Amino acid sequence: MNVSLKLIQIAIACCVFGASASAHTHQHDHDRSHGHSHDNAHKADTNQKTAANGYFADADVKDRSLSDWEGDWQSIYPLLQDGTLDPVMAHKAEQKKDKTADEYKQYYNAGYKTDIERLIIKDNTFTFYHGEKNYSAQYKYEGYKILTYKAGNRGVRYLFTKQHGDQQAPGFIQFSDHTIAPKKVSHFHIYFGNDDHQKLSEEMSNWPTYFPSKWKAEHIVHDLMFH
């Protein structure tokens, strides 16, 4: 083999090796970057689920404005009563195996129970719809209260106090939506009362639950089962 041919072969081999090494390095960096992003996303998701399940540090709890709950909302209590939510109860019974579907329905019947079928929140004003009647009042944000439950997990109630409005409107309102910092929500639990916030915070068995009025029943069922 002459010298020129040998040099050409060496040059080709070096190019191939260099390209292969470069591709390997790029792939490694891409995998590492992707893995890092995935890890961060996983951590964020884990933290979100932890807070949603009631495990969080006091420092993580932030004030929220009423704009987080602004909108036109429907109670899902009628959907429980007419059997629309029966698949949700069956799903819970199958997944958790701690209650029958009927027992879950009884539990949520107490929880969801309310005569306020619709609720509109806008510009610090609540409008309550009860049958053919409605009444309104303005409310002021009064901070939040962190509650510790018997199971060991915790929850946050966001407090609003009536300033003026129709007499029928409750004096005190508390929101609970498994969120502990500013965030627009797709559903929430709410507590109404006329005593004071301390007394209302002791209510644990009745938490009327509202979803957007524009949501169809099948959308609500899916959300309750899989989110």
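Helices here are DSSP runs of H or I with at least four residues, strands are E runs of at least two, and both are numbered from the N terminus. This is a predicted model, in which local features need pLDDT of at least 70, side-chain atom pairs count only at pLDDT 80 or more, and totals for chains, interfaces and linings use all residues. Residues are numbered from 1 along each chain as its sequence is written, and side-chain values use heavy atoms, leaving out hydrogens and water.

H6 spans residues 217–226, and its buried residues are Ile220, Val221, Asp223 and Leu224. Looking down the axis of H6, these buried residues sit within an arc of 165°, so they line one face of the helix (the arc is taken from the directions from the helix axis to the C-beta atoms). Their cover includes strands S1 (71–75) and S8 (209–212), along with helices H2 (77–81), H3 (86–96) and H4 (101–112).

Then there is Asp177, in the loop between strands S6 (172–176) and S7 (188–193). Asp177 is buried, at a relative accessible area of 7%. Its side chain makes a polar contact of 2.9 Å with that of Trp69 (a pair of N or O atoms within 3.5 Å, where one must be able to donate a hydrogen and the other to accept it, and residues adjacent in sequence count only if both atoms are side-chain atoms). The Asp177 side chain also reaches the backbone nitrogen of Thr179 at 3.0 Å.

Notes
Buried < 20%, exposed > 50% of the residue type's maximum accessible area, 1.4 Å probe, protein only. Contact = heavy atoms within 4.5 Å.
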